[in-house]
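Dear colleague,

Here is the structure I promised to pass on, with its sequence, and below it you will find my notes on what turned up. Please read them with the model open beside you.

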Amino acid sequence: MLEKRYLRSIRLLSECMQLFEKLSSKRVRSLGFTESQFDIIATLGNTPGMTCKELGEKTLITKGTLTGVLDRLEAKGLIQRARGDDRRQLFIKLTPEGEAQFASSFPEVVKEGRENFREYQTEDFEALEAQLTKLKTSLSRQLPD
């Protein structure tokens, strides 16, 4: 019985994530971005910028994909790259145009995403967060250092 519950729960979690991503992707694409481009803009927004390594760690973008995404955002004039004091590190930050895009698009995407949870009350969020945190902790313990 526990095996069926496990499989059902994993399937529901996966289906919810896929549906949420489809809805979010639709909105992000309507703003002229790919999901990866928007992830970079959202991560860099309200920051002074960060190294490529930090950006890779904070986004869901693989290292191999990150360079191409950064190239396209730079071509759009939304980010700039600069070498830091340590010449081996590449520092990425939003340009003024990138900051303006973040300021206008991020609140829209968050607002639309929040609509998916309009029926949730405080206790619903608390229960969801507690269970997801428990799962994340369990999964994280299994990763090698």
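Since the aromatic residues take up much of what follows, a definition comes before the findings: rings of Phe, Tyr and Trp, the last by its six-membered ring, are taken as a pair if their centres lie within 6.5 Å, and the angle between the planes then makes the pair stacked when under 30 degrees, edge-to-face when over 60 and tilted for the rest. By this rule the chain holds seven aromatic pairs. Please bear in mind throughout that this is a predicted model.

One of these pairs joins F33 and F38, whose ring centres are 6.4 Å apart with 50° between the planes, a tilted arrangement, and both of these residues are buried. Another is formed by F102 and F106, and because their planes meet at 25°, with the centres 5.0 Å apart, this pair counts as stacked. Both F102 and F106 belong to helix α5, which covers residues 96-115, and they sit four residues apart there, about one turn of the helix. Elsewhere, F20, F117, Y120 and F125 are linked by ring pairs into a cluster.

Turning to the fold, the chain contains six helices and three strands, which follow one another along the sequence as α-α-β-α-α-β-β-α-α. The three strands make up an open sheet with the order β1-β3-β2 and antiparallel pairing. Strands β1 (50-51) and β2 (79-83) stand at the edges with a single partner strand each, so one side of each has no neighbour in the sheet. Between β2 and β3, the latter made of residues 90-94, there are five bridges, and the two strands run antiparallel; within this pairing, A82 has F91 of β3 as its bridge partner.

As for the chain as a whole, its C-alpha trace spans about 55 × 35 × 25 Å along the principal axes, and of its 145 residues 21% are buried. The accessible surface comes to about 10,900 Å², with 55% of that belonging to carbon and sulfur atoms. Among contacts between residues at least 6 apart in sequence, 51% join residues at least 24 apart. Finally, the chain carries 24 positive and 22 negative charges, and the mean positions of these two sets are 4 Å apart.

Notes: Residues are numbered from 1 along each chain as its sequence is written. This is a predicted model: local features need pLDDT of at least 70, side-chain atom pairs count only at pLDDT 80 or more; totals for chains, interfaces and linings use all residues. Side-chain values use heavy atoms; hydrogens and water are left out. Buried means under 20% relative accessible area, exposed over 50%, partly exposed in between (1.4 Å probe, protein chains only). Contact means heavy atoms within 4.5 Å. Accessible areas come from the Shrake-Rupley method with a 1.4 Å probe; for residues, only the protein chains shown count as cover. Lys and Arg count as positive and Asp and Glu as negative; His and the chain ends are not counted. The place of a charge is taken as NZ of Lys, CZ of Arg, CG of Asp or CD of Glu. Two strands pair if DSSP finds at least two bridges between them.
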